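Welcome, and thanks for taking a look at this one with me.

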Amino acid sequence: MKAWLLDSIGGGVGTLRIADFPDPQPAAGEAVLSISLAALNPADRYLAEGQYPAKPELPHILGRDGIGTVLAVGPGVAGVKVGDRRIIVRSEIGVNRRGTLAEKVAVPVASLVPVPQGWTDEQAAGATLVYLTAWQAIDQWTDLPATGVVLVSGASGGVGVAMTHLASAMGYTVVGLSRSKEKSAVLMKQGASLMLDPGDAEWRKKLKAELGARRVDLAIDNIGGELFSQMIETLGENGRVSCVGRLAGPVPQFNTASLFFRRLQIRGVGVYSYKPAESAAIWPQIVARMATKNYKPLVDSVFDFEQLPAAFERLAAGPMGKVLLRIRK
């Protein structure tokens, strides 16, 4: 099969090369998928740069989610047969096991789920990881006010869109941060009640004016950097922060005193903590929530298999939704 190979950890996605690689064989409890579409995630880049806690066998194949057709099954497999269309939920695929940036991949059947009814292949291919991440960012706080305010940075990215969808479907007031007026307009139709530009020095004052006596109950930070401390300022009493990403790098000169008098809490988000069975059980809940608002994943762009470098460039540029790689036409 053809695959994009990562020969060493630390050099980044620019070192990936396309080459022939042996076809995977299904072990007990596994199925081999012929991948038609795979999705890119910032975590792929972090792993390639050595910033992710993984130790895969080299050469490694990145790619954590995708959609394909079952080609073969291993011993002891039930519930999945040759010819079935399946998508991959959170697993070690693309992390410590070879992933979906290849024509074929072996996957434990516990990490395979059907395509949601009414979704296109493109919508389904890159949805599971970002929506599971969004779910954990919200669901880990069991005491959120039922009609609370959720603030999302990087709201136009794959995870940001997922958070906007889920928070809206759960009944929260969603405030998104995006520097693009065009993307903000789209998100206002995707569940956001208010969009603000984090590049505007007055955005926090504008938010306070819009909320009146209310304050932000949960800030979901996908960006890091200087914006983190600004988001902290918007929180009310017992406010919470879910830390998801750090695209803007470390938080400079963070003052922990900002947490004291409002009893603020900060937690990290890591879907690796979900076991395969747990991810598979959460996924139908996510799909059901989205169906209540008729939300479906947004796809920014689809690149041909040979265009992977351009696809990663698009991911770095800040897409509106997911960036996909078409493995097979």
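1. You will find Gly79 in the loop between strand S4 (66-73) and S5 (helices, H or I with at least four residues, and strands, E with at least two, are DSSP runs numbered from the N terminus). Leaving aside neighbours within four places in sequence, Gly79 is in contact with Asp84 and Arg86 (contact means heavy atoms within 4.5 Å).

2. A word on the ground rules. This is a predicted model, in which local features need pLDDT of at least 70 and side-chain atom pairs count only at pLDDT 80 or more, while totals for chains, interfaces and linings use all residues. Residues are numbered from 1 along each chain as its sequence is written, and side-chain values use heavy atoms, with hydrogens and water left out.

3. Next, please look at Ser34, which lies in strand S3 (residues 30-39). Ser34 is buried, at a relative accessible area of 13%. Its side chain is joined to that of Arg328 by a polar contact of 2.9 Å (a pair of N or O atoms within 3.5 Å; within protein, one must be able to donate a hydrogen and the other to accept it, and residues adjacent in sequence count only if both atoms are side-chain atoms). Beyond four places in sequence, the contacts of Ser34 include Ile67, Gly68 and Glu103.

4. Helix H8 (residues 276-293) has 18 residues, so at 1.5 Å a residue it should span 26 Å, and the 27 Å between its end C-alpha atoms agrees (the expected span is 1.5 Å times one less than the number of residues). Ser279, Ile282, Trp283, Ile286 and Met290 are buried in H8. What do the buried residues of H8 pack against? They pack against strand S5 (85-88), strand S7 (112-113), helix H3 (128-139) and helix H4 (158-169).

5. The structure holds one cavity of 30 Å³ or more (on a 1 Å grid over the protein atoms alone, a cavity is a set of points where a 1.4 Å probe fits but cannot get out, and lining residues have an atom within 4 Å of a point). The largest cavity has about 40 Å³ of space (grid points are joined across faces, edges and corners, and a volume is the space filled by probe spheres set on the points). H4 gives the most to its lining, with three residues, and H3 and H4 each supply at least two. Among the lining residues are Val130, Tyr131, Val161 and Lys322.

6. Finally, some backbone details deserve a glance. Most residues other than glycine have a negative phi, and most peptide bonds are trans. The peptide bond from Leu58 to Pro59 is cis, with omega near 0 degrees, and Pro59 sits in the loop between helix H1 (42-48) and S4. Gln253 has a positive phi near 45 degrees and is exposed at 80% relative accessible area. Gln253 belongs to the loop between strand S12 (235-243) and strand S13 (265-268). Arg263 is also in the loop between S12 and S13, with phi near 55 degrees.

Notes. Buried means under 20% relative accessible area, exposed over 50%, partly exposed in between (1.4 Å probe, protein chains only). On a 1 Å grid over the protein atoms alone, a cavity is a set of points where a 1.4 Å probe fits but cannot get out, and a pocket is an open set with protein on both sides within 12 Å along at least five of seven lines; lining residues have an atom within 4 Å of a point.
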